[in-house]
Amino acid sequence: MNSALRLIGRRAISSIPVLLIVVIGTFFLLELAPGDAVDAYLVSIGGGDAALTEQLRAQYGLDQSPLSRLWLYVTALLRFDLGWSVGFNRPISELILERLPNTFYLMGSATALSFVLGTALGIVSGARIGSLRDRLLSIGSLALYAVPSFWLGLVLSVVFAVQLRWFPTSGIETIASGKEGLDRVLDIARHLVLPVSALAMIYLALFLRVMRAGMAEIWRQDFVRAASAKGISRSRIVLRHVARNALLPVVTMLGLQAASILGGSVVIESVFAIPGFGRLAQEAVALRDAPLLMGIIVVSALLVILVNMLVDLVYAFLDPRVGASEASR
Amino acid sequence: MTLISRRSLLQGIGLLLASTALPSFAFAQDLPQGGRLVVAADSEPRNLNPAMVASNGVFFVASKVIEPLAEADASAEDGLAPRLAVAWEGSSDGLSATFRLREGVTWHDGTPFTSADVAFSALEVWKPLQNLGRIVLANLEAVETPNELTAIFRFSKPTPFQLIRNALPVVTSVLPKHLYEGTDINANPHNAELVGTGPFKFAEYKPGEYYRLVRNEAYWGEGQPHLDEIIYRVLPDRAAAASALEAEEIHLAAFSAVPLADLARIAQVPGIKVISEGYEGLTYQLVVEINHRREELSNVDVRRAIAHAIDKQYVVDTIFLGYATAAAGLFPQNAPEFFNPEVPQYDFDVAKANELLDAAGYPRGENGVRFSLKLLPAPYFNETRQFGDYLRQALAEIGIDAQLVNNDSAAHQKAVYTDHDFDLAIAPPVFRNDPAISTTILVRSGAPEGTSFSNQGGYANAELDALIDQAAETVDTEERTQLYNELQVRVAEDLPLINVAEWGFITVARDTVINVGNNPRWAVSNWADVALQQ
């Protein structure tokens, strides 16, 4: 336990320079792009005269030099102040906190579903490498993986929402329904079925492939042959010896998966009109809202650091050697 | 001089006509009452206050809550139907305009509406803060309120009443003085939680999900509104809007939220109508902007050659799938008050274009290219981008090599309107009922650097400038219209820019929605007469 705490402490300290690099890097990358939030705003309101433009730039500090803006931003960040969104005219922390839960529901369910299903199918596939079952699953998963997520989302929506009307086409819950408690939970769940399926089907292939590859590797190890020589039943060998050891790389995948929360959900959140974190990022880019985009990137960097910390802890639990070496370094 | 001038007589008749009741009252009793109308919204404006931000995105929601003095109406005198004003009149010297206001109107919080609200809005909001009001009301000096139902606008210079009248629907959304006075208007919470006099009250906004408006029981329009609720559901993805319509989750998608390419298919779905009426007062123009600082382009024959190289009908048929009209001049044909059909036209004629370029001294080089240009299509619409691809090919036919530069909207804005880093640009300006509101600035020289959607090509023509300035102060409507007719001819001759097409948007609605598209600014009007078949 002590080593786990040490691991967390060390990670927390090392994440500070990482965050700073992310902030400064993002700031200068955004600086390179021509145009700013006021330009984007003028487009959305159909223009204004030069005085209005100047007044807006002054109001949002966009008339100051890049360095002084960066300084202001970083010092505010140190006070845990994410600043004010030019595009939405609201505090950034409020915007992010409002959108995060929806993305958590979406990505959490999709990741859990694809992890469980993908690993299970990976075991089925890896139990008999080269069998017909294995080959069918491999082809099927590759085909799913090759499909773009927005297309899969649209197809699911056309079939199950427009034609069959089993599920709603879009949104996170029935608008202005006044539902509360369990009714509301069920309502949200119903809205999540299609987007979660679209996302999970694509990630499922990843978990399946990694699990299967891990098992193929372990079948060749001596201890598996020894186990089968001892006359242990095949199903026990598959689950206890092979699958369990093949699980480690899949857990690593799970950690990496967390990093793709943003990327994966942008498209699906847009297709299914879910007001989530990914769509906020997309809107921030469209509105050229640099502080908002930086806030989003800082928060996602924090999330990735956090999830990886968790993954390391799980790793240490699954394989004590890893934890010991990490903690003593 | 006791003779009554013809003008004041006409104005008197105008007053009489304007004060008669709305014709739609006759049908009010037959329309179904109640119901929740759900419509698609593709954007969430950061400031929803139409008195500060005059844009279609803002009006779409806000026009149901906050009303202007008058609204566009094709069948009414001067194309205007009364709203908060029941009658209006301009003085013959152009130095004042008088508005008689509606009696018995209350704000959504119960406070009575008076001329003080109009005076406050005009002086503290429209003139100093609004993007369009800053131009139209530049010479507004004072607003007198002799009684609670009269507002008299005083101008420092003669201001044509025709312009003021044409600007009423877009510029004059009235704000409640008692909620804004003495506050920082830019930061007032009511810029989001609107309080108005309109048929619907602002109820709720859930960011990323919806806006909800509810029926104003105390609305002045008799028997109006017919709906209990309007919900604007935020659907940023166009395919999602089409699916939601088909699945009967929404009733209506305005502003071409359903892409043109999907219209033919969705029109076949039972229960769905495709409606192109209701945008006549919001005509968008497809325009090729020209940077006159570039030597080749400062030659009028080169500009004429480019105009001859563009097959407008092909653009209308292929890019707009027929939902547009080939342009015939600086002002759209949807503005009959100003459109002049007697102007030079440039037919599609590649041979003539080549001749003009040869004669202008730009022969083809060895590779068949005369010169290269940087072409920046505005990214705001699919159609502007597609026209960029088309124009590149059309120019190749006449030996001009166009390099396409595709930017996002912020970068495009900066490249064209601040840095002037372009040779040709493709823009979609909007004609807002009067040339002086947002059209003459496209060709007038001398706008300050960084003025967006203006003459960013550096075109300067003293004769045109003089015409524009004269029209801006000409009080006589006929004379002023004449000046604009002449302006249109001059522009067609000298081509400071090339008008290619004009288009309005498309509404797709369930056929249970009644009274869709029945006025020229329907999508941004108050929807008091919209009803839902139960």
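This is a predicted model: local features need pLDDT of at least 70, side-chain atom pairs count only at pLDDT 80 or more; totals for chains, interfaces and linings use all residues.

Q: Is A:Ser265 buried or exposed, and what is its relative accessible area? Please start there and then show me around.

A: A:Ser265 has a relative accessible area of 0%. Buried means under 20%, so A:Ser265 counts as buried. This serine is found in helix 11 of chain A, which covers residues 261-271. Setting aside neighbours within four places in sequence, the contacts of A:Ser265 are A:Thr103, A:Leu106, A:Met107 and A:Gly278.

Let us stay in chain A and turn to a loop. A:Arg288 sits between helix 12 (277-286) and helix 13 (290-318) of chain A. A:Arg288 is also buried, with a relative accessible area of 13%. Its phi is positive, about 55°, although this residue is not a glycine. Most residues other than glycine have a negative phi.

Helix 6 (residues 132-146) and helix 8 (residues 181-219) of chain A pack with their axes 8 Å apart, at an angle of about 140°. The two helices are therefore oblique to each other, and their crossing is left-handed. Helix 6 of chain A brings residues including A:Leu137, A:Ser141 and A:Tyr145 to the contact, while helix 8 of chain A brings, among them, A:Ile202, A:Leu206 and A:Arg209. The residues of this contact divide into 9 nonpolar, 2 polar and 3 charged.

Now over to chain B. Here 7 strands form an open sheet with mixed pairing, in the order 8-9-10-1-11-19-12. Strand 8 (200-206) and strand 12 (272-275) of chain B stand at the edges; each has a single partner strand, so one side of each is left without a neighbour in the sheet. Within the sheet, strand 11 (residues 252-253) and strand 19 (residues 507-510) of chain B pair in the antiparallel sense over 2 bridges. In this pair, B:Leu252 stands opposite B:Ala509 of strand 19 of chain B. Helix 7 (residues 238-246) of chain B packs on the sheet, where it touches strand 1 (36-41), strand 11, strand 12 and strand 19 of chain B. The direction of helix 7 makes about 25° with that of strand 19 of chain B. Helix 8 (residues 260-267) of chain B packs on the sheet too, touching strand 12 and strand 19 of chain B.

Between helix 7 and strand 11 of chain B lies B:Glu248, a residue other than glycine whose phi is positive, near 60°. B:Pro225 lies in the loop between strand 9 (210-215) and strand 10 (229-234) of chain B, and a cis peptide bond joins B:Gln224 to B:Pro225, with omega about -5°.

Notes: Residues are numbered from 1 along each chain as its sequence is written. Chains are lettered from A and ligands numbered from 1 in the order in which they are written. Side-chain values use heavy atoms; hydrogens and water are left out. Two strands pair if DSSP finds at least two bridges between them. Helices (H or I, at least four residues) and strands (E, at least two) are DSSP runs, numbered from the N terminus. Contact means heavy atoms within 4.5 Å. Axes are lines fitted to C-alpha atoms, for helices over the stretch in contact, and angles run from 0 to 180 degrees between N-to-C directions. Buried means under 20% relative accessible area, exposed over 50%, partly exposed in between (1.4 Å probe, protein chains only). Angles under 35 degrees count as roughly parallel, over 145 as roughly antiparallel, 65 to 115 as roughly perpendicular and the rest as oblique. A crossing is left-handed if the near helix is turned anticlockwise from the far one by less than a right angle, and right-handed if clockwise. Ala, Val, Leu, Ile, Met, Phe, Trp, Tyr, Cys and Pro count as nonpolar, Asp, Glu, Lys and Arg as charged, and the others, Gly among them, as polar.
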